[in-house]
Amino acid sequence: MAQIQRDVWSADAVRADFVVVGAGVAGLVAALRAAEAGLRVVILNKGPAWRPDRVEQSTSTFYAQGGIAVVEPGNDEDSVDRHLADTLGAGAGLTDPATTRPILADGWRAVSGLIGWGAEFDRGADGGLLRTREGGHTVRRIIHAGGDATGAQMQRALGRRLTEASRRLPIRCLDDSIATAILRADGRTAGVAFRTRGRDRVVYAPTVLLATGGSGHLYAATTNPAGTTADGIALALRAGAVVADLEFIQFHPTMLFVDGARGRRTLISEAVRGEGGRLVDADGRSVTDGVHPMGDLAPRDVVANAVEARLAATGEKSVYLDIRSIPDFATRFPTVTAGVTAAGLDLDDGLIPVVPGAHYLCGGVVTDVDGRTAVPGLLAAGEVARTGLHGGNRLASNSLLEGLVMGSRTAAVAVDRRDTPVVEVAPSVLGEAPAMAREDLQDNMSRSVALRREAVGLADVADRLRGAPARPMETVADVEDAALTLAARVVVAAAQARTESRGCHARTDFPDTDRVAQSRRFGWLDGATVECDGPEAIADLAALVH
């Protein structure tokens, strides 16, 4: 990329100290904290402008139901050590305690900050925060809002804060704006190229945060909103960053089953089982009896595979969540109730049909405990990032906690980098990129790269993805499909490389778990996946990409 004169691109260029790509919890917390510290902040929001009355929202944060796993000071039944033990237990040997402990320990400060911004959590008669329990947790440590509308409450509080801040701070949110490339010059980040309302533009800044969420739409059915198309994974790989643990895609055990439905489906919160709901088959038999000592509240990978096994044994299309023992279900779980009703089902018999559904990307762009990637100036936070907290299987309700904590941490990094010089480079023109037709990609991934995988199916999908035709990047859907295609290639490569079953990754041809747990890191170079087996390889990749 050649250096350009400031006036050449002035009509299409924005200048900032910090660019945040994404408008969920991690992105908005980072943007607000940085703006409060005096930075000029630009948020690129792929979705439409935030409105609390909009039926369909664009961030996964909004749809998060269960709550935030956090240790409240003064709780004699809980501790950071216990939370860490539960997180390690769920992570299938790949959770990194060195990064996990600081994130968990910082949780209460982050939650307190959110409450200070106006978020309201459910409280008891004594004014104390109500807590529930979810899978993998040994105590009730999940705080929640609106019964099962925790994410929506957080998104509203952050949206209000952003509106107020924009009146007095140098913070600007550009809606309907999809990032198309990370700009680099002199070996470091220089900004972001993006498209908004059919126009290609650029924002120059020394620090860029990817907070784009996950990749649920790699699959035909997911609990994720429509915008979760692996954008951040693709942007990071093309910029020279590395990813790890992409094979670990968590399937939530209880996604509402609607025969033939595609796209986003209603999540049935794990808190339903925390309050006494039971998973049963069509004959009323428990799905998890004898599978795990924690039964229906075992870690998600265990429960999801138990459901899958029962479906394979019975030939039924779904199992059922028996909610008959939960009093005032509609009051305690209004979001679930509304989702079930909207799907044309009712709760009269107390049985909700459910199946496992693509829910959360446990791996992602490799970062340190402050969100830094291998590319200087490029940060990642939230679901798109791999800090080491989630390992091979995320512990329930640790995701909102991570977004809150890492949002603040990445803002601090941006503040430290505010005086880093930026070379304003001309962005590459958005041309063509390999992009498989979305439904074909989703059907292939759902068939062979979902809960159960084996070598023949993985190889078939890998061949199909490599043969994806180049497509002009003319629309948002084109850009998303190219991101999904790239991400799918790396997910499949990682799944092929892991010849064992661990956490969210189950190989029917390699059912045993290796004695030693090991993460593998991958990059993208010249249209191919490359494995990065050490710091030198990671540094070499970052240098070669540009």
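Strands β8 and β9 (residues 188-196) run antiparallel and are joined by eight bridges. Keep in mind as you look around that this is a predicted model.

- Strands in a sheet pair through backbone hydrogen bonds, and the pairing can be parallel or antiparallel.
- Here, four strands make up an open sheet with mixed pairing, and their order is β1-β10-β9-β8.
- Which strands stand at the edges? They are β1 (13-15) and β8 (177-185), and each has a single partner strand, so one side of each has no neighbour in the sheet.
- From one strand to the next, the twist averages 25°.

- Helix α1 (residues 25-36) packs with helix α6 (residues 150-165) at an angle of about 30°, and their axes are 10 Å apart.
- Why do α1 and α6 count as roughly parallel? Angles under 35 degrees are given that description, and the angle here is about 30°, so the two helices are roughly parallel to each other.
- The crossing of α1 past α6 is left-handed.
- On the α1 side, the residues that meet α6 are V25, L28, V29, L32 and E36.
- On the α6 side, their partners are M154, Q155, L158, R161, L162 and A165.
- Sorted by type, the residues of this contact are eight nonpolar, one polar and two charged.

Notes:
Residues are numbered from 1 along each chain as its sequence is written. This is a predicted model: local features need pLDDT of at least 70, side-chain atom pairs count only at pLDDT 80 or more; totals for chains, interfaces and linings use all residues. Side-chain values use heavy atoms; hydrogens and water are left out. Axes are lines fitted to C-alpha atoms, for helices over the stretch in contact, and angles run from 0 to 180 degrees between N-to-C directions. Angles under 35 degrees count as roughly parallel, over 145 as roughly antiparallel, 65 to 115 as roughly perpendicular and the rest as oblique. A crossing is left-handed if the near helix is turned anticlockwise from the far one by less than a right angle, and right-handed if clockwise. Contact means heavy atoms within 4.5 Å. Ala, Val, Leu, Ile, Met, Phe, Trp, Tyr, Cys and Pro count as nonpolar, Asp, Glu, Lys and Arg as charged, and the others, Gly among them, as polar. Two strands pair if DSSP finds at least two bridges between them.
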